[in-house]
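Student: I have a model on the screen and would like to learn how to read it. Where do we start?

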Amino acid sequence: MIFITGPLYSGKREYACKILGCQEAELKSRAIWDVQDLAACHGDLKALADELSQYEVVIATEIGGGVVPVDAGERAGREAAGRLSCLLARRAEYVVRVFCGLPVVLKG
């Protein structure tokens with residue numbers, strides 16, 4: 001599995017298409033994205049990471065930077081998203097951070 005992360009609108013899906021050699025319409029059958037949104041409402045992050053790692057490519061938007069939310073629920077959601085990203089990175093063969101359209105290989 002390839003885990004791709006980076007800020008919102010940084011070119012993560014475009015990069016996934018490039019490395020898979022497919023069009024964005026084909027990407028839906030081989031990849032899943034916005035997985036950070038699944039973390040907040042899932043009770044078992046390890047099971048979720050196991051499930052997501054069955055995809056060829058998993059894409060998460062980094063949400064931990066910036067102002068810390070006042071709302072405890074939002075803080076917990078960000079914490080869960082970060083923990084899920086750590087679990088996915090451990091399971092991944094390759095980890096890539098895309099920033100401003102530029103991929104940086106962190107693992108693999």
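**Pockets and sheet**

Tutor: The largest pocket has a volume of about 220 Å³. This is a predicted model, where local features need pLDDT of at least 70 and side-chain atom pairs count only at pLDDT 80 or more, while totals for chains, interfaces and linings use all residues. Residues are numbered from 1 along each chain as its sequence is written, and side-chain values use heavy atoms, with hydrogens and water left out.

Student: How is a pocket found?

Tutor: Rolling a probe the size of a water molecule over the atoms shows where empty space is left. On a 1 Å grid over the protein atoms alone, a pocket is an open set of points where a 1.4 Å probe fits, with protein on both sides within 12 Å along at least five of seven lines; lining residues have an atom within 4 Å of a point. Grid points are joined across faces, edges and corners, and the volume is the space filled by probe spheres set on the points.

Student: Which element gives the largest share of the lining of the largest pocket?

Tutor: Helix 1 does, with three residues. Helices (H or I, at least four residues) and strands (E, at least two) are DSSP runs, numbered from the N terminus. W33 is also among the lining residues, and W33 sits in the loop between strand 2 (31-32) and helix 3 (36-39).

Student: Which residues lie nearest the centre of the second largest pocket?

Tutor: They are T5, E62, A81, G82 and S85, out of 14 lining residues. Helix 5 gives the most to this lining, six residues.

Student: Is T5 buried or exposed?

Tutor: Buried means under 20% relative accessible area, exposed over 50%, partly exposed in between (1.4 Å probe, protein chains only). T5 counts as buried because its relative accessibility is 10%. T5 belongs to strand 1 (residues 2-6). Contact means heavy atoms within 4.5 Å; leaving out residues up to four places away in sequence, T5 touches K12, A60, E62, V96, R97 and V98.

Student: In what order do the strands lie in the sheet?

Tutor: Strands of a sheet pair through backbone hydrogen bonds, either parallel or antiparallel. Two strands pair if DSSP finds at least two bridges between them. Here five strands form an open sheet in the order 2-3-1-4-5, with mixed pairing. Strand 2 and strand 5 (102-107) are the edge strands, each pairing on one side only. Strand 4 (residues 94-99) pairs with strand 5 in the antiparallel sense over five bridges, and R97 stands opposite V104 in strand 5.
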